[in-house]
Amino acid sequence: IGCCYYELKKYEEALPYFHRICDFFQSSDIHRNIAYCYRSLNNPDSYKLCEKHLLKSNELQPDNPTHLYDLCDLYYLMKEYKESIYCFVKSKTKAPKFIYNASFSFLGIKNFHLGFKYYEDLNNINTEINFENSFEEY
């Protein structure tokens with residue numbers, strides 16, 4: 001039933017069903033669905049609950065870069081740019097959506113050099129990108 005409400009974008013109605021499942025079964029996907037529901041509510045209180053469930057989802061399945069991307073995106077939305085950048089660095093991925101969001105996170109902390117650099121790197125995705133050094137630069 002929770003999935004039906006979720007697909008209908010009735011996130012508040014979906015949450016009790018997903019939480020009930022978590023009482024019996026810990027799953028990365030369930031926590032991620034809960035996180036998406038909270039994020040879709042678009043208020044600061046729900047963002048903290050979203051973060052909690054994304055962290056749990058990442059704990060249950062740490063090798064999935066999608067969880068880190070979701071955290072990066074959430075931290076950017078919350079204007080917690082350093083946390084966002086940390087997740088980008090930790091993901092060690094060169095996926096365009098990560099690079100795009102990383103560029104805006106660097107701009108958010110007023111590191112215009114790296115922000116514009118990564119945005120420009122999207123034009124040449126074969127460019128060697130070294131997030132570890134970038135994280136240390138700010």
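What percentage of the 138 residues of the protein count as buried? In this predicted model, the share is 43%, where buried means under 20% relative accessible area, exposed over 50% and partly exposed in between, with a 1.4 Å probe and protein chains only. Residues are numbered from 1 along each chain as its sequence is written, and side-chain values use heavy atoms, with hydrogens and water left out. Local features require pLDDT of at least 70 and side-chain atom pairs count only at pLDDT 80 or more, whereas totals for chains, interfaces and linings use all residues.

The protein has nine helices and zero strands, helices being DSSP runs of H or I with at least four residues and strands runs of E with at least two, numbered from the N terminus.

Helix 5 comprises 13 residues and spans 18 Å from its first C-alpha to its last, close to the expected 18 Å, the expectation being 1.5 Å times one less than the number of residues. Its buried residues are His-67, Leu-68, Tyr-69, Asp-70, Leu-71, Cys-72, Asp-73, Leu-74 and Tyr-75. At the N-terminal end, helix 5 is capped by Asn-64, a side-chain oxygen of which lies 2.9 Å from the backbone nitrogen of Thr-66. Lys-79, with a positive phi near 65°, follows helix 5.

One cavity of 30 Å³ or more was counted, a cavity being a set of points on a 1 Å grid over the protein atoms alone where a 1.4 Å probe fits but cannot get out. Grid points are joined across faces, edges and corners, and volume is the space filled by probe spheres set on the points; the largest cavity contains about 30 Å³. Its lining, defined by an atom within 4 Å of a point, consists of Tyr-36, Arg-39, Cys-50, Leu-54, Asp-70 and Leu-74. Helix 3 (28-40), helix 4 (44-60) and helix 5 (65-77) each give two or more residues to this lining.

Helix 4 also contains Leu-49, which counts as partly exposed because its relative accessibility is 35%. Leu-49 and Tyr-36 are separated by 13 residues in sequence and by 10.0 Å in space, C-alpha to C-alpha.

Note on methods. 1 Å grid on protein atoms, 1.4 Å probe; cavity = no way out; pocket = protein on both sides within 12 Å on 5 of 7 lines; lining within 4 Å. Polar contact = N/O pair within 3.5 Å; in protein donor to acceptor, adjacent residues only side chain to side chain.
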